[in-house]
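Morning, everyone. I have one structure to walk through today. Please bring it up on your screens.

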Amino acid sequence: MENATTRQTYKKPFTKKIYPYLFIMPFAVLVFIFFILPAIATIAMSFTDLNASMKPNFVGFTNFKRIFMDYNLPQILWNTAIFAVLSLAISMLFALIISIATQYFLKGKVTAVIYRVLWLIPSIIPAVVYVTFWKYVFDPTEVGLLNSIMHQFGVESDPVSWFTKAAMAIVIVATIISTISGGMILLSAAINSIPEDLYQAARVDGASEKSVITKIILPTLKWPLMYITISELIGFVSSYFFIMLLTNGGPMRDTTTLSLYAYQQAFNLKYYGYGSAVSLIVVLISFILTLFFLRLFDFDQMIKPSRIED
Amino acid sequence: MMSTGTLKKLLVHTYMTLFTLPIIAMIIWYFLAATMNFTTGQFSMENFSFFGKPVEYAGVKLPLIWPIVLNTIVYSFLIVAIEVCISVPTAYAFARLDFRGKRATMKFLFLMRSFPGITLIIATFFILVQMNLVNTYLGVLLVAITGSLPGRVYIMKGFFDEVPWDIEWAAMVDGCTRFSAFKKVLVPYVLPGIGAIAVFSFLGAYGEWFLFKLLIFNDDMLTLAGYLSKLVTKENNIINYGLITAIGLFYTLPIVVFYIFTQKIFMKVNLGGAKQV
């Protein structure tokens, strides 16, 4: 802003002015058509009764009223909360344990690299291939891994139908094992950036492993932990790919989350208007969560010190 | 007598091995299930007969796999090419050029990255219907690209930010225009970043099944992920794991090999994405 005065005397030729816009043009067009337009359309559609007949009528807040009257809602909200909170907590915990183990206790060891590469595999292989394994582990017939193990050890002779008994647990297990790696990479890198001297100084002072972890490692992880919390939580609240592939929301509605419900209402039952209204609720929840976590982790406080160090 | 140090290492290894067991089991299972006949307990390659004839399985009839393989390759490389061609100039503009609305656009980019994009899919579907792009590759391509662009631009911007301004000034002094400095000096400088987003784009495109499920109705237009999802989502208990794991292995092995070679880039991409939060 300081050179605003010098800019006034020199008038940029038109070709130079549009120049930057040429660079972002394709991006801007795509974002407009496939992001801004759908966002507006979602809002508009949520106030209509658009369905298979494809003739939308404005219905005001009927869809939103319907959501709150929907007898499925309590269970779906509960599923969403359980799925998101448990997935987030467990995957974060494991990401933390694995990154501390490989970057602190086994730092620089070949085994550390092997563990990390193995953990990355679930997130590398395509989802459709990945879920097959979990379908096999919890297969309700005697072919399934768990059932055949239980049979072999004589725990239970009849095959257990896991998907009817513990569908949500299966979905969560499959989800966390594939998301741990994302958090692990970020946390590992943060731990890796801690200078070796700090550990040595701590050791000289006779610090225990516990205090090294709580006093040196964990404080440096605040920033990546915030990033992971927000992005993974939004991911868990809004995306339903694994659930769709694993159980498709069933049995009954046991694993239907809010965003999967929106999808089903729109594309299975053709209630596009109602589905859009449910999507809007998902967006609203995501934004509230984001704001909440930014507040909780004291976003502004964290930005300042890093700027001074630069 | 074991020292506490070794004991600690042993403990760490024990826990890590236990944690990693599901993944090891998974890898072993894929190979065994695909190559073993479980009734006779012998090695067999009969599950791989899908190479020669169309797959028919539990009432699902699918076309021969080779055209699907071709679709997958073409689709993945198109995605990589387009995403790179769009995100590199955009990131350059954000990092290096001044224009009105830049700050607002940057903020919007940040918003987009944390926006649950999947919630827009119903409206996106309608826009595609209006544009007559349902059941076309173009529709899938455009939606897929828009979804991943914000992330790519952010990563790329991080790479451009790290290029010293001196380099660009020097090039301009030597008679380059802004654009030729971008092309001849900056782009070569950020090649590692371009490689990184290319790997990311490729892996994303290769695994894409949802958009194909939603937008493509012809089985012979599917890519491998959509092809396999037709077999996987049939029921909870899969009848023929042999066939599915065989196709799965054929589908996954190339990218695992690819991934092992590009692993370093992959780690860097994730970091680049997070550092600029």
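How many salt bridges are there between chain B and chain A? The count is one. Before I show you that pair, a caution: this is a predicted model.

Here is the salt bridge. The side chain of E209(A) meets the side chain of K8(B), at 2.5 Å from N to O. By class, the side of chain B that touches chain A has 61 nonpolar residues, 18 polar ones and nine charged ones.

Now the interface as a whole. On the chain B side, 88 residues are in contact, and they meet 85 residues of chain A. Together the two chains bury about 7900 Å². Carbon and sulfur atoms carry 83% of that area. As for polar contacts, 11 residue pairs are counted between chain B and chain A.

Where does T252(B) sit? Its place is in helix α11 of chain B, residues 241-275. Is T252(B) buried or exposed? Buried, because its relative accessible area is 6%, and the cut-off for buried is under 20%. Which residues does T252(B) touch, if we leave aside its neighbours within four places in sequence? They are I125(A), P126(A) and V129(A).

Next, chain A by itself. Chain A has 16 helices and zero strands. Its radius of gyration is 25 Å, whereas the globule rule gives 19 Å for 310 residues, so chain A is more spread out than a compact globule. Along the principal axes, its C-alpha atoms fill a box of roughly 85 × 75 × 30 Å. Of the 310 residues in chain A, 49% are buried. Now take the contacts in chain A with a separation of 6 or more: 67% of them join residues 24 or more positions apart.

Back to charges. Side chains of opposite charge can pair when their charged atoms come close. How many salt bridges does a search of the whole structure find? Eight, over all chains. The pair I opened with crosses between chains: E209(A) is in helix α11 of chain A, residues 209-220, and K8(B) is in helix α1 of chain B, residues 4-35. E209(A) is partly exposed, at 25% relative accessible area. K8(B) is partly exposed too, at 35%.

Now some pairs within chain B. D161(B) forms a salt bridge with K157(B), and their closest N and O atoms are 2.8 Å apart. Both lie in helix α5 of chain B, residues 137-161. They are four residues apart, about one turn of the helix. D161(B) is partly exposed, with a relative accessible area of 37%. K157(B) is buried, with 15%.

Another pair is K230(B) with D219(B), whose side chains meet at 3.0 Å, N to O. K230(B) is partly exposed at 33%. D219(B) is partly exposed at 24%.

Last item. Which residues are linked in a network of salt bridges? R96(B), E168(B) and R178(B).

Notes
Residues numbered from 1 in each chain as written. Chains lettered and ligands numbered in written order. Predicted model: local features only at pLDDT ≥ 70, side-chain atom pairs only at ≥ 80, totals over all residues. Heavy atoms only, no water. Contact = heavy atoms within 4.5 Å. Buried area = accessible area lost by both parts, 1.4 Å probe. Salt bridge = Lys/Arg side-chain N within 4 Å of Asp/Glu carboxyl O. Polar contact = N/O pair within 3.5 Å; in protein donor to acceptor, adjacent residues only side chain to side chain. Nonpolar A, V, L, I, M, F, W, Y, C, P; charged D, E, K, R; others polar. Helix = DSSP H or I, 4+ residues; strand = E, 2+ residues; numbered from the N terminus. Rg over C-alpha atoms; globule rule 2.2 N^0.38 Å. Buried < 20%, exposed > 50% of the residue type's maximum accessible area, 1.4 Å probe, protein only.
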